[in-house]
Amino acid sequence: MGEPVIIFDHVTKRYKLYKNDRARFMSLFSKRVRYKENRASNDLSFTIEKGESVAFLGKNGAGKSTILKMITGVSYPTEGEVIVNGRVSALLELAAGFNMEFTGRENIYLKCNIMGIDEREIKNLEEDIVKFAELGDYIDQPVRTYSSGMKARLGFAINVNIDPEILIIDEALSVGDRNFRKKCTKKVKEIMRDGDVTLLFVTHSSSDAKAFCDRGIVLEKGKVKFDGNIDEAIKFYEG
Amino acid sequence: MKTIQTIILDHVVYKKQILKLAKADVTKTYRGSAFGWAWAIIKPVVTIFVFWFAFSYGLRGGKPVDGYPYFLWLIAGFIPWFYMSEMITGGAACIRANSHMVTKMKFPISVIPTFTSISKLTIHIILLAIVIVIFMLFGYAPDIYYLQIPLYMLMMVLWFTIWALFAGLLSAISRDFLNLVRAFSTAIFWMSGIIYNVNNIDVHWIRVILNYNPVTIIANGYRHIFIDKTWFFEDLMGMRCYFIVLLVMIVLACWAYKKLYKEIADVM
């Protein structure tokens with residue numbers, strides 16, 4: 001098999017739940033402030049290799065988002081270690097992170113800049129992104145004038161076109177009309193064909209999971225309940 | 001020590017993004033209004049006019065200072081105040097204002113205050129250029145003391161950027177802290193000698209405390225350049241106080257960073 005790109009080594013993530021914001025603030029200065037704990041991830045260990053496509057299945061609150069946040073590097077584990085090798089492109093919340101006053105085109109540049117892509121590469125990507133997003137003249141209008149579907153389309157277009165090494169899709173395919181969904185599905189499959197890109201897919205829909213993924217990880221209360229072939233994982237999840 | 005290393009390393013890795021984001025931050029502030037950029041100038045001009053008017057005609061205290069018209073003395077210290085006041089409140093809010101960078105993507109938190117600061121510095125430099133022109137119109141041409149401008153500007157930016165990191169982190173987890181800072185912002189203005197000369201205060205211990213007030217130190221520094229015509233090494237006392245408060249701010253910022261950087265994305 002290929003090289004591992006994501007390694008979870010006995011990862012536990014605990015959220016501290018304080019009674020209110022004041023208690024949280026006071027906890028900076030005193031260790032005596034009481035809080036409850038919520039284990040969003042509980043001693044998770046798994047390895048994902050390059051080129052794999054993995055679906056995370058689980059009910060709300062099973063800890064799926066926490067895992068994705070740790071992979072994107074937004075959130076840190078309380079215990080254990082998360083190792084990620086490669087450029088992560090996350091479709092967590094597609095409309096998030098846009099600057100409302102800027103035009104769609106300016107947002108393409110801004111977002112790519114933040115991710116550290118150099119100017120020349122962005123110029124090359126720009127046309128693909130604009131074409132993919134299908135915004136027409138709106139691409140040069142401020143994003144605040146966009147509908148939610150348009151924002152999502154632009155977000156998706158940016159994320160799939162920047163040549164990600166690890167692509168994370170979090171319920172993102174449910175946006176847009178049927179044609180756009182079809183196009184997204186096609187694009188994701190195209191990216192996956194070469195076997196260089198690793199796909200992580202979070203969904204409630206088992207048919208979507210089946211369409212994209214070979215492997216399924218079923219989560220419950222922060223623990224891995226099942227890890228294996230996607231068909232068996234779906235059977236386990238639905239059974 | 002390790003915290004400082006991490007923060008500096010983040011800045012080196014993200015140096016290109018810092019400039020891009022600063023530029024975006026400036027554009028964002030002034031886009032979407034018909035006058036756009038003009039607002040960056042109009043607001044300070046109106047504020048200074050109001051104070052100049054009140055002190056020259058209303059309170060009858062606007063006597064010339066050191067042979068310079070009160071108006072010139074006022075703007076020399078008022079101009080850095082606009083940057084400082086923006087950084088006191090805007091700096092404290094900077095991480096909250098850019099919350100999507102914390103919670104939606106991998107981006108070093110310590111860099112957010114820096115680009116916020118650079119963005120506000122651009123406005124400061126424009127205003128400063130206007131001040132120099134005004135001095136010239138009054139017949140005071142730039143002289144050798146103007147060489148100190150970069151020094152005092154650097155001192156100002158350094159302290160207030162570190163402050164923004166400290167206050168931004170605390171404000172991110174607690175709205176109360178942000179409100180506290182906002183409530184004190186006006187108090188700081190009136191108590192730091194922006195519109196009067198702190199050296200004229202008779203009570204000794206108040207003067208001693210104000211020596212350690214960074215706002216006073218910087219405003220005095222700008223007046224050294226434009227009015228007093230003294231060098232920074234003639235005011236060693238002020239320099240020493242500056243480095244003490246800088247050190248205190250660095251320690252506080254590191255403490256807050258170390259304590260909060262892992263938690264911040266989870267609570268916002």
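1. Basis. This is a predicted model, in which local features need pLDDT of at least 70 and side-chain atom pairs count only at pLDDT 80 or more, while totals for chains, interfaces and linings use all residues. Residues are numbered from 1 along each chain as its sequence is written, and chains are lettered from A and ligands numbered from 1 in the order in which they are written.

2. Contact between chains. In chain A, 21 residues are in contact with 22 residues of chain B (contact: C-beta atoms, placed from the backbone, within 7 Å). On the chain A side, the elements giving two or more residues are α1 (21-26) and α3 (104-114); helices here are DSSP runs of H or I with at least four residues, strands are runs of E with at least two, and both are numbered from the N terminus. The most comes from α1(A), with four residues. By class, this side of chain A has nine nonpolar, seven polar and five charged residues (nonpolar: Ala, Val, Leu, Ile, Met, Phe, Trp, Tyr, Cys and Pro; charged: Asp, Glu, Lys and Arg; polar: the others, Gly among them).

3. Lys36(A). This residue lies in strand β2 (residues 36-49) of chain A. Lys36(A) counts as exposed because it has 9 C-beta neighbours inside 10 Å; the cut-off for exposed is 12 or fewer other C-beta atoms within 10 Å, for buried 20 or more, and partly exposed is in between, with C-beta atoms placed from the backbone. Lys36(A) and Tyr15(A) are 21 residues apart in sequence, and their C-alpha atoms are 8.4 Å apart in space.

4. Helix α12(B). Residues 236-260 of chain B form this helix of 25 residues, which reaches 36 Å from first C-alpha to last, close to the 36 Å expected at 1.5 Å a residue (expected span: 1.5 Å times one less than the number of residues). Its buried residues include Tyr242(B) and Met249(B), along with Ala253(B) and Ala256(B). Among the elements covering them are α8 (149-173) and α11 (214-228) of chain B.

5. α11(B) against α12(B). What is the angle at which the axes of α11(B) and α12(B) cross? It is roughly 140°, and the axes come within 10 Å (axes are lines fitted to C-alpha atoms, for helices over the stretch in contact, and angles run from 0 to 180 degrees between N-to-C directions). The two helices are therefore oblique to each other; angles under 35 degrees count as roughly parallel, over 145 as roughly antiparallel, 65 to 115 as roughly perpendicular and the rest as oblique. Pro214(B), Ile217(B) and Asn220(B) of α11(B) make the contact with Gly238(B), Cys241(B), Tyr242(B) and Val245(B) of α12(B). That contact has five nonpolar, two polar and no charged residues.

6. α1(B) against α12(B). Helix α1 (residues 2-13) of chain B packs on α12(B) at about 80°, with the axes 10 Å apart, which means that α1(B) is roughly perpendicular to α12(B). Thr3(B), Ile4(B) and Ile7(B) of α1(B) meet Cys254(B), Tyr257(B) and Lys258(B) of α12(B). Four of these residues are nonpolar, one is polar and one is charged.

7. α4(B) against α7(B). The axes of α4 (residues 70-92) and α7 (residues 111-137) of chain B come within 10 Å and cross at roughly 170°, so α4(B) is roughly antiparallel to α7(B). The contact includes Phe82(B) and Tyr83(B) of α4(B) and Leu127(B) and Leu128(B) of α7(B). By class, it has 14 nonpolar, five polar and two charged residues.

Conventions:
Two residues are in contact if their C-beta atoms, placed from the backbone, lie within 7 Å.
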